[in-house]
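Let's take a walk through this one together. Have a look at the sequence and the fold first, and then we'll go piece by piece.

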Amino acid sequence: MRHRFSEFAGFSLIEVVIVVVILGTIGAIALPRLSHAGQSADEKALAGDMAVWRNALDLYQGDHGGAFPKDSTTVAAQLTGYTDANGEVSATKDAVHPFGPYLRTISPLPAFEGIAGAEIPRASTTIGATLLGGAPTRVLPNGYGWLYDGAGHVYPNTGPLTDLAGKLYNSY
């Protein structure tokens with residue numbers, strides 16, 4: 001018995017080149033997106049954390065006659081514990097401390113992997129003080145993850161670092 005081979009038994013050179021060009025185009029589109037995926041995830045986590053902070057501070061202010069937590073040394077306790085009308089903290093809810101908690105825990109500062117030379121306090125849940133009037137322009141020492149100004153503004157301790165779009169992280 002005689003086997004007959006078709007003259008089209010394989011791919012032509014043109015077909016192979018077209019497939020390689022298509023795969024190269026897909027790779028050129030996908031690789032830059034994948035290389036920034038970790039940073040983009042951290043940016044979204046930070047934006048979500050900042051929204052949670054703002055909501056908690058707004059709720060606290062509404063329950064406490066327009067006052068925000070006192071300062072950076074008390075803000076964590078006042079937002080995660082039960083408080084009275086003056087902001088005094090208790091571990092349990094009772095008739096004297098009916099407000100809160102506004103946060104379950106203080107979220108850690110996202111890791112911001114992939115930012116070369118960043119000296120930010122990765123995954124820190126500590127809160128330090130900052131001056132009134134805006135976000136700090138440099139990373140503050142002592143490993144603080146978050147900064148609080150006593151007037152209802154919380155900032156990530158990221159100093160002048162920006163996201164992929166050029167927006168300061170501490171302006172989220």
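Which residues make a nonpolar surface patch of about 590 Å²? The patch is built by Ile14, Ile18, Val19, Ile22, Leu23 and Ile26. A patch here takes residues with over 30% relative accessible area and no salt bridge, joining nonpolar side chains (Val, Leu, Ile, Met, Phe, Trp, Tyr) within 5 Å and like charges within 9 Å. Isoleucine 26, one of the patch residues, sits in helix α1, which covers residues 13-35.

Before going on, keep in mind that this is a predicted model, where local features need pLDDT of at least 70 and side-chain atom pairs count only at pLDDT 80 or more, while totals for chains, interfaces and linings use all residues. Residues are numbered from 1 along each chain as its sequence is written, and side-chain values use heavy atoms, with hydrogens and water left out.

Now the overall layout. The chain has three helices and five strands, and along the sequence they come as α-α-α-β-β-β-β-β. Both are DSSP runs numbered from the N terminus: helices are H or I with at least four residues, strands are E with at least two. Of the 172 residues, 33% count as buried, meaning under 20% relative accessible area with a 1.4 Å probe and protein chains only; over 50% is exposed, and in between is partly exposed. The accessible surface, from the Shrake-Rupley method with a 1.4 Å probe, is about 10,700 Å², and 62% of that belongs to carbon and sulfur atoms.

On to the sheet. Strands of a sheet pair through backbone hydrogen bonds, either parallel or antiparallel. In this model, three strands form an open sheet in the order β3-β4-β5, with mixed pairing; two strands pair if DSSP finds at least two bridges between them. The edges are β3 (127-129) and β5 (154-156), each pairing on one side only. Strand β4 (residues 146-148) runs antiparallel to β5, and three bridges join them. Across that pairing, leucine 147 stands opposite tyrosine 155 in β5.

Finally, the charged side chains. A search of the whole structure turns up one salt bridge, that is, a side-chain nitrogen of Lys or Arg within 4 Å of a carboxyl oxygen of Asp or Glu. The partners are glutamate 88 and lysine 70, with their closest N and O atoms 3.0 Å apart. Glutamate 88 is in the loop between β1 (82-83) and β2 (89-90) and lysine 70 in the loop between α2 (37-63) and α3 (75-80), so the pair ties together parts 18 residues apart in sequence. Glutamate 88 is partly exposed at 42% relative accessibility, and lysine 70 is partly exposed at 44%.
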